[in-house]
Amino acid sequence: MEERQPQWDATQERILDAADALIARRGVRGVTIAELARRAELSRPTIYRSWSDADDVVRASLLRRVARILATFPASPGSRSELVDDVLRFISLFREDPLYAHLLADEPEAFTRYTLERVGSSQRLILTWLAAAIGAAQDDGSVRKGVPDEIAVMLLLIAQSAVLSHGTVSHLIPETAWERELRAALDGLLRP
């Protein structure tokens, strides 16, 4: 399940910046190769050298945002408590990200398409991070025994479900209680 941090050159970054702007302004349906080329001031063939279609560019844009969030976590946590804190911090940063916040609020079907229909690069990157963190926390005995990759999948499913459902239940549970209960669920999954 190992997924490496992605690397993009300056031209690709320019295209991804254009994709970010288009997604924020028009949503994922507004991202076309023609619009990307116009906004990035590049030719269509330049975009096609890196991506097969606009959908691939959107996926790369979302992957870059996840990679940037994960880059703010410099080391694997040493305990279950630190791991749960990190997952909750990731969720908070994810929900605060302008593009992801837009997708969650205004285009949940697009969010579902890019995150739930298949395990893509963004999820694989998150799973790699989670598995490493779980393995490190297992070493101190605060996380139950088991295959870190398998535990990471369930941890991701719980977190992803909570994030996707948050808007639906926000009128039923205050934010502090939502976070408290999510913390309990994550901690319960990992507890020996």
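Let me start with one residue. Arginine 191 is partly exposed, at 43% relative accessible area. Here, buried means under 20%, exposed means over 50%, and partly exposed lies in between, with a 1.4 Å probe and protein chains only.

A word on the source. This is a predicted model, in which local features need pLDDT of at least 70 and side-chain atom pairs count only at pLDDT 80 or more, while totals for chains, interfaces and linings use all residues. Residues are numbered from 1 along each chain as its sequence is written, and side-chain values use heavy atoms, with hydrogens and water left out.

Back to arginine 191. Which residue does arginine 191 pair with in a salt bridge? The partner is aspartate 187, and the closest N and O atoms are 2.3 Å apart. A salt bridge here is a side-chain nitrogen of Lys or Arg within 4 Å of a carboxyl oxygen of Asp or Glu. Aspartate 187 is buried, at 15% relative accessibility. Elsewhere, salt bridges with shared partners link Glu13, Asp17, Asp20, Arg64, Arg65, Arg68 and Asp97 into one network.

How many salt bridges does the structure hold? The count is 16. Arginine 26 pairs with glutamate 35, with 3.1 Å between the closest N and O atoms. Arginine 26 is partly exposed at 38%, while glutamate 35 is buried at 18%. Then there is arginine 180 with glutamate 181, where the closest N and O atoms are 3.2 Å apart. Glutamate 181 is partly exposed, at 41% relative accessibility.

Now stay with aspartate 187. This residue lies in helix 10. Helices are DSSP runs of H or I, at least four residues long, numbered from the N terminus. Leave aside neighbours within four places in sequence, and aspartate 187 is in contact with Arg80 and Val84. Contact means heavy atoms within 4.5 Å. Leucine 83 is 104 residues away in sequence, yet its C-alpha is 8.9 Å from that of aspartate 187.

Helix 10 itself runs over residues 175-190. From first C-alpha to last, its 16 residues reach 23 Å, close to the expected 22 Å. The expected span is 1.5 Å times one less than the number of residues. Which residues of helix 10 are buried? They are Ala177, Trp178, Leu182, Leu186, Asp187, Leu189 and Leu190. As a general point, an α-helix has 3.6 residues a turn, so residues three or four places apart point the same way. The cover over the buried residues of helix 10 includes helix 5 (80-96), helix 8 (121-139) and helix 9 (148-169).

Take helix 9 next. Alanine 162 sits there. It is buried, at 14% relative accessibility. Beyond residues up to four places away in sequence, alanine 162 touches Trp178 and Leu182. Lysine 145 is 17 residues from alanine 162 along the chain, and their C-alpha atoms are 24 Å apart.

Helix 8 has 19 residues and reaches 27 Å, close to the 27 Å expected. Why is helix 8 called largely enclosed by the rest of the structure? Because 14 of its 19 residues are buried. After helix 8 comes glycine 141, with a positive phi near 85°.

Another positive phi belongs to glutamate 41, near 55°, and this residue is not a glycine. In general, most residues other than glycine have a negative phi. Where does glutamate 41 lie? It is in the loop between helix 2 (33-40) and helix 3 (44-48). Glutamate 41 is exposed, at 66%.

Last, the start of the chain. Aspartate 9 is in the segment before helix 1, and is partly exposed at 42%. Its C-alpha is 41 Å from that of alanine 184, which is 175 residues away in sequence.

Helix 1 (residues 10-26) meets helix 6 (residues 98-106): their axes come within 10 Å and cross at roughly 35°. Axes are lines fitted to C-alpha atoms over the stretch in contact, with angles from 0 to 180 degrees between N-to-C directions. The crossing is left-handed, meaning the near helix is turned anticlockwise from the far one by less than a right angle. Helix 1 brings Asp20, Ile23 and Ala24 to the contact, and helix 6 brings Leu99, His102 and Leu103.

Terms used. Helices (H or I, at least four residues) and strands (E, at least two) are DSSP runs, numbered from the N terminus.
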